[in-house]
Amino acid sequence: MTVKDRRPSQAAFATATFTETRRVGGEWRQVPASRVHAKTMGSTVTLCGQSTLSWFKFWDIAFVTVQSDRCPQCTDALAQRFAEARRR
Ligand SMILES: [Zn+2]
């Protein structure tokens with residue numbers, strides 16, 4: 001699968017300033033412990049424009065699947081991308 005094939009929902013990962021270790025489905029995993037922002041591969045800023053250089057990147061967690069404390073600006077920015085992708 002190439003990057004081109006990815007839908008916008010899969011292309012935006014979750015990223016957060018703080019994390020905690022929690023047992024998820026029988027294994028210990030890093031989970032967000034602060035507001036969750038969206039970030040795309042190859043970018044160093046969130047969709048709402050904050051630098052993520054020192055933040056934890058959840059490469060295996062799609063932003064759209066995050067249930068708790070999602071950044072509203074990132075959510076809006078992602079919704080905008082969906083709308084643009086549909087128009088093409
Ligand atoms: Zn954000």
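**View 1. Contacts across the whole chain.** Among contacts in the protein between residues at least 6 apart in sequence, 60% join residues at least 24 apart. Keep in mind as you look around that this is a predicted model. The protein has two helices and five strands, and along the sequence they follow the pattern α-β-β-β-β-β-α. Of its 88 residues, 20% count as buried.

**View 2. Confidence along the model.** The protein has a mean pLDDT of 88, with 89% of its residues at 70 or more. If you zoom in on strand S4 (residues 36–40), you are where confidence is highest, at a mean of 96. Helix H1 (residues 8–11) is where confidence is lowest, with a mean of 60.

**View 3. Ala12 and its surroundings.** Here we visit Ala12, which sits in strand S1 (residues 12–16). Ala12 counts as buried because it has 24 C-beta neighbours inside 10 Å, and the cut-off for a buried residue is 20 or more. Leaving out residues up to four places away in sequence, Ala12 touches Ala38, Lys39, Thr40, Leu47, Ala62, Phe63 and Leu78. One of these partners, Ala62, is 50 residues from Ala12 along the chain, yet their C-alpha atoms are separated by 5.9 Å.

**View 4. Asp69 in its loop.** Our last stop is the loop between strand S5 (56–62) and helix H2 (72–87), where you will find Asp69. Phi of Asp69 is near 45 degrees, a positive value in a residue that is not glycine. Asp69 has 11 C-beta neighbours inside 10 Å, so it counts as exposed.

Conventions:
Residues numbered from 1 in each chain as written. Predicted model: local features only at pLDDT ≥ 70, side-chain atom pairs only at ≥ 80, totals over all residues. pLDDT = per-residue confidence, 0-100. Helix = DSSP H or I, 4+ residues; strand = E, 2+ residues; numbered from the N terminus. Buried ≥ 20, exposed ≤ 12 C-beta atoms within 10 Å, placed from the backbone. Contact = placed C-beta atoms within 7 Å.
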